[in-house]
Amino acid sequence: MGVGDRGLHRGRWMRHCSVAPLIAGVSLAAGLVAGPARAESLPDVLVRTYQTNPQLNAERAKLRATDENVPQALAGYRPQVTIELGAGLQTVRNLIPGGDIQSGRLKPWQAGLLINQNLFNGFKTSNSVRQAETQVKSGRETLRNVEQSVLLDAVTAYMTVLGNQSLVEAQRLNVAFLRQTLQTTRKRYDAGDVTPTDVAQAEARLARGTADLNTAEVALAVSQATYQQITGAAPGHLTTADPVDRLLPNAREDAIARGRRENPMILGATYDVDGAQLAIRVAESALFPTLGVQASISRSSQTDETLGTSRTDQASVFGTLSVPVYDGGMASSQVRQAKETLTQMRVELDRVRIQSDTAVVAAWVTNEGTKVSLSAAESEVRAATIALAGVQKEALAGQRTTLDVLNSQQDLTAARARLIAAQRDRVVASYTLLAAIGRLDHAKLALRTPSYEPTTHYRQVRDAWHGLRTPSGQ
């Protein structure tokens, strides 16, 4: 092969194998646009999720139902009023001494008003109200925990789609590089510069790259479906997202302390303990005497075909005192049962505290680890890019084989995939830590959306004496 031929082959190699480095570290902002070409940021997606997520809206409805426990308990303070009406037709046939028969047809009717007012029931009503209020507070913490979980799911889905879009793009560029490499290798084989082994190696790598691209596209489709399920819309053009380091504590101990103060699972379990203590007092009320007053007013009338109409008016007020003596052991059993439930709630609180501390520590370590992983992945991509360029130049000089170029490209593609995963994990880990300490909510994130205020519905129904419609008009 002459010098002119070597120069010709060098030009072919440079044209077909020298591909400019794909982004010096594939950015998560790059990727395929799935669905309508609209730009979406992570805050925008979180706003939509906060407003439309069915799991979150179902939990809000559940809390509104829990609010109704309070007016139901307050009903124990209020009078119970009943109106009774009755009317009928009565036939009478009397056999009197002497064989005479007396018969008649009566048309009686009755109307009455009955009022029952509880005066004392062993403090059952007051403790029931307090218990219902603790259930509402616990429900609010449960709602806050669900909100954190849903928002974290939205962040994870967002970053997963973003990462998979970038991974698909990286795999497509890899396939393009391998296809160009195969074309160049075949031309060099035709020119007698390489062996059939080089061609087979290039073909094998292209087949592997095509399979990897297909795997990435499948993963992207799955993540897009999950994204739509959580956020309520198909992903558009997703923009890059940043970690929420500004909202995170500066030290692990501070994170643990904040988690113990603000984690909704701990706060909810604390209210559950309070409710269990009040349940004991409610059960104990069955051992106390009850005092009440009953007032009634009624009118009854009876029409006789022969005697005419007679009418009776009555009015009464009764005070009633009921003293329990023995109920078969029912009340005592209920008290013991409530005490064991309190023990369970206390143990559960301890378990939740330990679980929270563990979650905070795990999230903290993971978040710190992602910083190192991201820095290492960026360095790996830079080094792999330089290495590929160097191997290409050495191959031109005859110091490297086609396999060396393919291996170097494979290393670069793997490094880019690890960088994409590190960028995704970096953002998700920061939000996970924020959730572990109990601060992942729309207010702390300053999302531009009207807040759902659970206290609004509570105030609307707490002192409602009647009415079948909910405050929303249903």
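The model is predicted, with local features requiring pLDDT of at least 70 and side-chain atom pairs counted only at pLDDT 80 or more, whereas totals for chains, interfaces and linings use all residues. Residues are numbered from 1 along each chain as its sequence is written, and side-chain values use heavy atoms, with hydrogens and water left out.

The chain has 474 residues, and 38% of them are buried (under 20% relative accessible area with a 1.4 Å probe, protein chains only; over 50% is exposed, and values in between are partly exposed). The accessible surface (Shrake-Rupley method, 1.4 Å probe) is about 25800 Å². Carbon and sulfur atoms contribute 54% of this surface. Contacts are defined by heavy atoms within 4.5 Å. Among contacts in the chain with a separation of 6 or more, 83% join residues 24 or more positions apart.

Axes are lines fitted to C-alpha atoms, for helices over the stretch in contact, with angles from 0 to 180 degrees between N-to-C directions. The crossing of H5 and H11 is right-handed, the near helix being turned clockwise from the far one by less than a right angle. On the H5 side, Val129, Glu133, Val136 and Arg140 meet Pro454, Thr455, Tyr458 and Arg462 of H11. The residues of this contact comprise four nonpolar, one polar and three charged. Ala, Val, Leu, Ile, Met, Phe, Trp, Tyr, Cys and Pro count as nonpolar; Asp, Glu, Lys and Arg as charged; the others, Gly among them, as polar.

H5 also packs with helix H10, residues 402–436. The two axes come within 10 Å and cross at roughly 175 degrees. This angle makes H5 roughly antiparallel to H10. Their contact involves 16 nonpolar, 14 polar and two charged residues.

Glycine 259 is buried, at 1% relative accessible area. Beyond its neighbours within four places in sequence, glycine 259 contacts Ile266, Ser356, Ala436 and Ile437. Glycine 438 is 179 residues away from glycine 259 in sequence, yet their C-alpha atoms are 6.0 Å apart.

Terms used. Helix = DSSP H or I, 4+ residues; strand = E, 2+ residues; numbered from the N terminus. Parallel < 35°, antiparallel > 145°, perpendicular 65-115°, else oblique.
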